[in-house]
Amino acid sequence: MSDIQSMLSDAITRLLTDYCTKEVVLASEKGVWASDLWTALTEAGVTTALAPEDQGGCGLDLAAALRLAGCAAGFTAPIPLGEHYLACAILAGVGITHSDGPLTIAPSNLRDQLVLKRAGTQWHLTGTARRVPWARHCNGVVVSASFEGKDMVALVVPAGYTVREGANIGGEPRDTLCFDATLPEDAVAPAASGSGRFEQHALGAALRSVQMASVLAHTLDITVQYGQDRVQFGRALTKFQAVQHNLAVLASQSAAGNAAADIALDSLQPGIDFFNIAAAKVRSGEAASIGAGLAHQVHGAIGMTLEYELNLSTRRLWSWRDEFGNEAEWAAYVGRKVAAAGADELWSTITSAGLSNVVSDRSEIGENRT
Amino acid sequence: MKALEFTPPPLSPAAEALRAEVRAFLAETMTPAMRRDKSGTLGGVNPEFSRKMASRGWLGMTWPKQYGGHERSALERYVVLEEMLAAGAPINAHYIADRQSGPLILRFGTEQQRMTLLPRIAGGECYVCIGMSEPGSGSDLASVRTRATETPDGFCINGRKIWTSYVQHSHYILLLCKTGPLDESNRSAGFSQFLVDPKTPGITVTPVLNLSGEHHFNEVVFDDVLVPRDALIGELHNGWQQLSSELALERSGPDRFLAAFKLLREMTRVVGQNPSERAAIEIGRVISHILVLRRMSRSIAGMIESGKGAPALQGAIVKDLGTTLEQELPELARKLFDIEPSPGSDDALEAVLANIIMHAPSFSIRGGTREILRSTIARGLGLR
């Protein structure tokens, strides 16, 4: 980790340790926007970290930024830090400038299609995007839209869409946006490499992999701690072999989740490696599923309460594993690629994954999914 | 608590260049009979193949050149190993000697032992099998009772070992013996390791067929077996510590998730190039697991390379995750295909499926049971 990354990571850890109490997180689930936190992170240079240094940022690359977003996820921080980073990176890639965040990205799934038409020297955007992360609290949305069959990127301010509020299991805003926006010339650009529709989808999947790994690691920590603190039959739960073995499996899943997140972060540059991100998302989601279940098992009844902190983590695991493509969607992508290459190339397909890391074939993502 | 550390595997262009060489070798050397061979899951015993690998410098790869080694990196060794396993190459003969017995001798042996044994192992000419388990001692290795008592010229060994795989093909058994007094308060004290020629008088080897009818296992009885002084490897009574480092090596390689790779390849073949959505999802899921396991496994190779030794916690994690995946594969094949497993069938999938079904339970038993691995992981979490 570079010095700048360490510094930002420390800043995040410090700020979130103080700020992200259970009460704050639960309040956010009732609609309270964590504006103090967002402001504090902006003042610490965290939210602007991607921008080049001569524009007031730290010049961080996207992988490093998403790692910071992962760090925030470990605190179940109620802010769209990762989505904001993705939005900023996409805009920077196509030369669209933006003012203050937070920003988010849309659509968040492959079924929703947004359409751009020319309107004189301006553009007109229509369409509906469901389950857009944190949209109601954002100052704008970076959208992927289609113009005459070509992928475009546009920055849309709140006046350009209506918001119907929704939430995921984790109580995080997942809002439905109906777009009816007239956009100036400088808010729209053709998608560059790394910002087309499939690319944005994959970037979201990579972000969720990193977030899940971080929350799962935190879940492991609190579950081990609980097991050591809780005494039954005259000894700590962790003295029982059955519990030890459950924790061992949870730890193994967490380790796999961490490795998957590392794969995802290695798959963003120079081009987006769909194959590796797909594998990462599949494995992270499965790790999250198994891990959440085991964490609850070790905790017993107390873990099922709103009051005890475990649910803040597990509700996010249960949400994020199905966002930006669930395991079935991404596994199908991997499987089609592998099958198409043929059985005799199976081993080569595995060993060459991620080696060249050029822009992989974008086709076949989300095929056959209704 | 820090996240479980699997440091990123270093990039190694040398290792990737080596991969191409190994593939070319395999293309030339693997015969159709070898590709069809389903003996065990390590491709079978083939001394000629072992010698060919040795002549390419692929045994004893990381050992010092003065002992016949090639001073190459752990990552390069890893590449050779995974290519061999994925191809189903017949590497059983030298496998154990190269993986753990040689490193043991390198680390704990006398100079004389290193000079005598290591070049032969690296030359593909010396095969070793593991003599640890006994009828009364499996996971509880500290309960081993085969005893070596000192004599004027060496040691006298009495006892009984079981499961000793491939004795029939081995030049030596690496034998774990009790040499000190029984002490229940210090169960791992008083063990020593010996390198014993199975042809030594007093040794009786009896085959134990496995449930697929193959002869891998044996029972080996030691009846007043006299061995010379220099049969002792390392320090007298230091056997337990020596063995621990050996076990970590045993658990940290790519063999812990590639045992059923032949089955996965045949499943991919039958699924065809335009799979159903269901098949694509299932195959894709398995491949996703393999990509992540491979990363973790290569990370361990990197940790070994950087001199951290073979990490026991990480090795146990990879082995537990890997064997769990391997054991899912036959059941996945049955879910996807209307097929009956058929030993000896001309149909590759039917035959491989039969073979893997019959070996699959052993994946989570051999080299450390799942239960022991999970206890090891729990210990690594500070729970024991």
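**Contacts of chain B with chain A**

Q: With which residue does B:Arg295 form a salt bridge?
A: A salt bridge needs a side-chain nitrogen of Lys or Arg within 4 Å of a carboxyl oxygen of Asp or Glu. The closest N and O atoms are 2.9 Å apart, and the partner of B:Arg295 is A:Asp266.

Q: How is the model to be read?
A: This is a predicted model, where local features need pLDDT of at least 70, side-chain atom pairs count only at pLDDT 80 or more, and totals for chains, interfaces and linings use all residues. Residues are numbered from 1 along each chain as its sequence is written, chains are lettered from A and ligands numbered from 1 in the order written, and side-chain values use heavy atoms, with hydrogens and water left out.

Q: Which residues of chain B lose the most area to chain A?
A: Buried area is the accessible area (1.4 Å probe) that two parts lose on being put together, summed over both. Chain B and chain A bury about 4200 Å², 67% of it on carbon and sulfur atoms. Together giving 16% of what the chain B side buries, the residues are B:Leu291, B:Arg295 and B:Leu383.

Q: Is A:Ser144 buried or exposed?
A: A:Ser144 is found in strand E4 (residues 140-147) of chain A; strands are DSSP runs of E, at least two residues, numbered from the N terminus. Buried means under 20% relative accessible area, exposed over 50%, partly exposed in between (1.4 Å probe, protein chains only). Because its relative accessibility is 4%, A:Ser144 counts as buried.

Key
Helices (H or I, at least four residues) and strands (E, at least two) are DSSP runs, numbered from the N terminus.
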